[in-house]
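Dear colleague,

Please find the structure below. My notes on its salt bridges follow.

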Amino acid sequence: MVTQLTQGATAKEMREAGLDPYYADHGLAVFPQSAAGIPWSAMSIQSKGDPITDLYENMAAEQKARSTYEYLLDLIGNEPEIANPIKFLREREVVHFQRFGECIEKVEDYLGSKRMFYGK
């Protein structure tokens with residue numbers, strides 16, 4: 001979507017859109033960073049090694065992404081070329097949240113069951 005929106009943009013157009021600092025560093029290339037310009041890093045990934053804790057962390061991440069997509073929809077208005085992909089991504093976050101919830105139930109059942117492993 002970023003490529004679609006910036007494809008063929010001139011330096012002047014990027015400057016007028018307030019994207020000149022980004023353009024100076026990355027041209028029209030996609031560079032993963034927050035809306036505030038902070039580059040992505042693995043520091044944003046939370047993992048404890050406990051399956052229940054990690055699944056809840058994943059659920060929280062899906063909800064945060066859903067919220068972000070809703071805020072983006074508030075900002076862009078009614079432009080179907082941009083809104084439709086964002087709506088799809090928002091729905092995907094909802095489905096992921098639901099699937100992680102189902103996984104928690106399965107993991108809790110597994111961890112609570114007696115397991116016997118037989119050797120030969």
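Glu102 counts as partly exposed, at 37% relative accessibility; here buried means under 20% relative accessible area, exposed over 50%, and partly exposed in between, with a 1.4 Å probe and protein chains only. Its partner is Arg99: the two side chains meet in a salt bridge at 2.9 Å, N to O. Arg99 is partly exposed as well, with a relative accessible area of 39%. Both residues lie in helix α5 (residues 80-112), 3 residues apart, about one turn of the helix.

Some background on the model. It is a predicted one, in which local features need pLDDT of at least 70 and side-chain atom pairs count only at pLDDT 80 or more, while totals for chains, interfaces and linings use all residues. Residues are numbered from 1 along each chain as its sequence is written, and side-chain values use heavy atoms, with hydrogens and water left out.

A salt bridge is a side-chain nitrogen of Lys or Arg within 4 Å of a carboxyl oxygen of Asp or Glu. The structure holds 4 of them. Helices (H or I, at least four residues) and strands (E, at least two) are DSSP runs, numbered from the N terminus.

Another salt bridge joins the side chains of Lys12 and Glu16, at 3.5 Å from N to O. These residues sit 4 residues apart in helix α2 (residues 11-16), about one turn of the helix. Lys12 and Glu16 are both exposed.

The side chains of Arg92 and Glu93 also form a salt bridge, at 3.7 Å from N to O. Arg92 is partly exposed, at 35% relative accessible area, whereas Glu93 is buried, at 6%.

Regards
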